[in-house]
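Here are a few notes to read with the structure open beside you. Take the points one at a time, and find each residue in the picture as you go.

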Amino acid sequence: MKTFRTNSVTGKRAAVALLLLSAVAAATVWAYKGPADQVVLEPVKQGADIPASSRQRKLSLSAAKAAAPISLAAAAVTDEDVGDSDSFGRNLRWLGLADMAVELTDTCPSTDPEAGCKVLNPAPAFTSFAFEDLGRITLPGKSTQSLLCYWLSPVLTVRYANPTASPVVARFRYSPTLTVENPVLATPGLIDPTTGLPFNGKLLTGLTSSEMFEVPLAPGVAFTERTRDSAVCIAGFISRKSLADNYGLSDAQIKEFFKKPTTVRMNISGNAQYVESASLYFGLRIIGD
């Protein structure tokens, strides 16, 4: 630890103040204990939207070299150079949009017949929810060459409430996923390595778009909060590399995959505690190359 000396009155006062601040900080750190029910965040798992590590890229480099280059731009670079040589230099293609809505409320069904609806448990109980195929889009064959990417835009209106006489922490979490259907995935004997089961025509992929909110509430406090943001894909929810590395498709099957029509279905799951109501909207735009 560094020390210093001073003979001035101002310097001595500064030194005393610094020592007091250090003592307070040390006492605060010593006194703080996390709540017994503190939520442990799940790590971001390896998936189609997370780029492969350098080791994984090297393991699949020989397979990438064996595939015929699609364009001169792609042939001029490698994955080691740009991370994704398959889509390098290509124009973006707008491939359409879909959306989904969820209502967490005291009564169902909601006013929107297309929305997922879940009746909330009384506080302090948790309420879990899970819905599939709340929105969908079908892309014709040859819509894209090497990847499907997404823009996901949530608009969340959540009312937090503490009806108890003690301070609490309200919690709200959601995780969107996409179900991807393609005729190639119905090939007999084709096994999904992520489940150990046959694909049966579809696969489930996560998005790096999950969120969790923790809101401290004093006794008797209730308020409504609206949040609006967007998440943009990283490596894509489907790509040539993910079909090979994550799902075990051969090069011939991958080429056929992008020639066939593909249906994308929107799913959502999550839970809530000390939430009085919530209206959740998610807009999905799909782009490719």
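1. Let us begin with the nonpolar core. The largest one has 55 residues, and F172 and F237 are those with the most contacts inside it. Please keep in mind throughout that this is a predicted model.

2. Which elements build this core? Those that give two or more residues to it are strand 1 (93–105), strand 3 (127–139), strand 4 (147–161), strand 5 (168–181), strand 9 (211–217), helix 7 (251–259), strand 13 (262–273) and strand 14 (275–288). The largest share comes from strand 4, with 8 residues. As background, nonpolar side chains tend to be buried together in soluble globular proteins.

3. Next, look for Y174, which sits in strand 5. Is Y174 buried or exposed? Its relative accessibility is 0%, so Y174 counts as buried, the cut-off for buried being under 20%.

4. What surrounds Y174? Setting aside neighbours within four places in sequence, its contacts are F129, P154, L156, S209, S210, E211, F213, I268, S269, G270 and F282. With E211 there is also a polar contact between the side chains, at 2.4 Å. The fold also brings Y174 and N271 to a C-alpha to C-alpha distance of 6.7 Å, although 97 residues separate them in sequence.

5. Now turn to the surface. A nonpolar patch there is formed by L92, W94, W151 and V232, which together have about 420 Å² of accessible area. One of them, L92, lies in the loop between helix 5 (79–82) and strand 1. L92 counts as partly exposed because its relative accessibility is 43%, a value that falls between the limits of 20% and 50%.

6. Charged pairs deserve a point of their own. How many salt bridges does the structure hold? There are 10 salt bridges. One of them joins the side chains of K241 and D84, with 3.3 Å from N to O. This pair links distant parts of the chain, since K241 belongs to helix 6 (residues 240–245) and D84 to the loop between helix 5 and strand 1, 157 residues apart. Both partners are partly exposed: K241 has 23% relative accessibility, and D84 has a relative accessible area of 25%.

7. A second example is the salt bridge between R159 and E276, whose closest N and O atoms are 2.8 Å apart. Here R159 in strand 4 is linked with E276 in strand 14, and the two are 117 residues apart. R159 counts as partly exposed at 28% relative accessibility, and E276 is partly exposed as well, with a relative accessible area of 44%.

8. E214 and R171 form a salt bridge in which the closest N and O atoms lie 3.1 Å apart. The pair connects strand 9, where E214 is found, with strand 5, where R171 is found, across 43 residues of sequence.

Note on methods:
Residues numbered from 1 in each chain as written. Predicted model: local features only at pLDDT ≥ 70, side-chain atom pairs only at ≥ 80, totals over all residues. Heavy atoms only, no water. Core = buried A, V, L, I, M, F, W, Y, C linked by side-chain atoms within 4.5 Å. Buried < 20%, exposed > 50% of the residue type's maximum accessible area, 1.4 Å probe, protein only. Helix = DSSP H or I, 4+ residues; strand = E, 2+ residues; numbered from the N terminus. Contact = heavy atoms within 4.5 Å. Polar contact = N/O pair within 3.5 Å; in protein donor to acceptor, adjacent residues only side chain to side chain. Patch = residues over 30% accessible without salt bridge, like charges linked within 9 Å, V, L, I, M, F, W, Y side chains within 5 Å. Areas by Shrake-Rupley, 256 points an atom, 1.4 Å probe, with all protein chains shown as cover. Salt bridge = Lys/Arg side-chain N within 4 Å of Asp/Glu carboxyl O.
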